[in-house]
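Subject: A structure for you to look at

Hi there,

Here is the structure I promised to pass on to you. Have a look at it first, and then read my notes below.

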Amino acid sequence: MHGAGRCAVGMVDHGADGGINMESSARNRFIQSLLTVIMLIYFAFALFPIVWMVLISLKSQPELFTTKFVFKPTIESYKAITIGLKYLKGTGSFRPDFPRFFLNSIIISTASVAISVIVGVPAAYALARFKFPGKENLAFTFLSFRFAPELSVIIPLSILYRRFGLYDTYVGIIWVYQLITLPLLIWVLRGYFEDISTEIEQAAMTDGYTYWEVFWKILLPLIRPGLAASALLAFVFAWNNFIFAMILGGGKVQTVTVAALSFLASEQAHYNQMAAASLISAVPQIILALIIQKSLVRGLTFGAVKG
Amino acid sequence: MASTHHNVSAELAIQPGRFVPDPRDLRQPLSVRVRPYLIIGPALLLTVGILYPFGLAVYYSLTNYTLSNPNYSFVGFLNYKMLLTDPEFYHSAKVTLAYAFSATAVETILGLGVALLLNRETPLARVLRTVMIFPLMIAPVIGTLIWKLMMQPSVGILNYLLGFIGLSHFEWAAAPQTALFSVVLVDVWIYTPFISLLLLAGLQSMPKEPFESARVDGGSAWFTFKNLTLPMLAPFLIIAVIFRLIDSLKMFDVIYAMTGGGPGQTLMNFPLQAYYYGILYMNLSYGLTYMIILWAIVYLISQILVVYWGKAQQRAAGL
């Protein structure tokens, strides 16, 4: 089924010429436009919150409590959360340290993905190519991390981390983020390695490449697009995580997701700044999603669906 | 040189085992046989750091460990017995299951509809396929905050819009009657694209021939959908449901960001209970008991669904 999928890239167009048998083209056109309307209603639902957020973030404080869609836009909120209070007389910023949280998220997500790539690529390769006792059990252990309830690991870790001084440290957070990034990389990359025919490796070895050269010079370049896409998706997952950083991190390693929530709790009035902060923390994800769109399904399902 | 290369290839042809290191193949040198374990070693090491706390979680749930009682002792299944006689537990179980099943059901139906609608090559469909993934990529906490803001009575837009149909005093997550609806709505907003995305991949991988012959035979749209599209889509549908069901059973972010489990106890699902007991009230063993039970439920449901998945794949392959 999957194989067929990659060959028959052409779309099955049920609406235009496929499944629906229509006597009159007028009725066909009516159904087509009805479907378009339904489609647009769903997308109003999907996109309206984001559009509204953009609007709120551009409103000035006095206009915030009106529901007007037409107003004089201002970037005051963005200035307030990035530059902070002292450069803006009067407006006030409740979180002038927002850039620091943003930086924390970048450090933690990048480091987590980097470590997962370094240990995950070889592991994925071994799981794809070698035969060894306990292989499938190991693979499923990695997968089970994805499905285990997070708090079953976090609660014991909260004790261990305090005991070993890992609470509220980058090392501690990056370690526990492996729970998010490592299973994803291992499972998706295993699939990419399995897609490569062993004949390519055999041929390279016949040409005198050593075992390690085959890996570095032949296999790694072949999986590079898949590796890039899954690393970026792992980055999105790490960035979006909330519960690990909230419980195992304190003020020092606070990420944007944790900070965003405390915004709303601490300041009831500056909704425009909160909207601006949310948007800034959401934009990297949306850009990354657009880049990896083609291999998104494969990553999201850990290779179970090779979209 | 050329002849050595030839020899290598001949050797490979006769003994494929030489090419793939196998710890059980005694003909291979030890350095080659240990290779799989060496290569996977670093990942294993990290894994141990995660398996160990999970093992501890199981053990702690069998003790009376609280932060005020550090000299804990083994109490067997006492926590489980206490939990099973605690009305709070049954309320939580209801919330957990109601949230997971209603969110997954709505997302599956809506996601299927969206996927079918977007599976066409109009410019609008192409644009929408791209923008569709935005809610899915935003952090669930941030997405929930956006909705919380929209539901907010003073700045929020939703009650202003509802005012046109005379519902301007809708209380969303603040009222116990509508709290579950409100968080499920946010879950649906975030995760419907997940299902649509998977189903679109499924729809686009379908062979064209059966659909063409169905059309030639004059099958109705519904007939084609029921007998061709749906069975072929089933493996994708089941994978999507597995992921969504498990993730919504252990949902923490949306509920916590929206109400923190409130109003009162209304939205206290298992993960929130575990958080309150295990972290805030420092009753570790009791909080972990909730998590071990959730883990068992997740395991059971995923095992059942994986069996269905296998069957659906076989059926789809036979079409």
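What pattern does chain A follow when it is read along the sequence? The pattern is α-α-α-α-α-α-α-α-α-α-α-α-α. In other words, chain A has 13 helices and 0 strands. Please keep in mind that this is a predicted model.

Let's stay with chain A for a moment. Of its 307 residues, 44% count as buried. Among contacts in chain A with a separation of 6 or more, 75% come from residues 24 or more positions apart.

Next, a pair of helices in chain A. Two packed helices are described by the angle between their axes and the distance between the axes. Helix H4 (residues 98-129) and helix H7 (residues 170-195) of chain A pack at about 40°, and their axes are 6 Å apart. The crossing of H4(A) and H7(A) is right-handed. Their contact is made up of 21 nonpolar, 5 polar and 3 charged residues.

How do the axes of helix H11 (residues 176-204) and helix H13 (residues 221-249) of chain B cross? They come within 8 Å of each other and cross at roughly 155°, which means that H11(B) is roughly antiparallel to H13(B). This crossing of H11(B) and H13(B) is right-handed. By class, the contact of H11(B) with H13(B) holds 12 nonpolar, 2 polar and 2 charged residues.

Finally, the place where the two chains meet. Here 96 residues of chain B are in contact with 95 residues of chain A. Which helix of chain B gives the most to the side that touches chain A? That is helix H4 (residues 35-60) of chain B, with 14 residues. The side of chain B that touches chain A has 73 nonpolar, 15 polar and 8 charged residues.

Happy exploring, and write back with any questions!

Best wishes

How values were computed:
Residues are numbered from 1 along each chain as its sequence is written. Chains are lettered from A and ligands numbered from 1 in the order in which they are written. This is a predicted model: local features need pLDDT of at least 70, side-chain atom pairs count only at pLDDT 80 or more; totals for chains, interfaces and linings use all residues. Two residues are in contact if their C-beta atoms, placed from the backbone, lie within 7 Å. Helices (H or I, at least four residues) and strands (E, at least two) are DSSP runs, numbered from the N terminus. Ala, Val, Leu, Ile, Met, Phe, Trp, Tyr, Cys and Pro count as nonpolar, Asp, Glu, Lys and Arg as charged, and the others, Gly among them, as polar. Axes are lines fitted to C-alpha atoms, for helices over the stretch in contact, and angles run from 0 to 180 degrees between N-to-C directions. A crossing is left-handed if the near helix is turned anticlockwise from the far one by less than a right angle, and right-handed if clockwise. Angles under 35 degrees count as roughly parallel, over 145 as roughly antiparallel, 65 to 115 as roughly perpendicular and the rest as oblique. A residue is buried if 20 or more other C-beta atoms lie within 10 Å of its own, exposed if 12 or fewer, and partly exposed in between; C-beta atoms are placed from the backbone.
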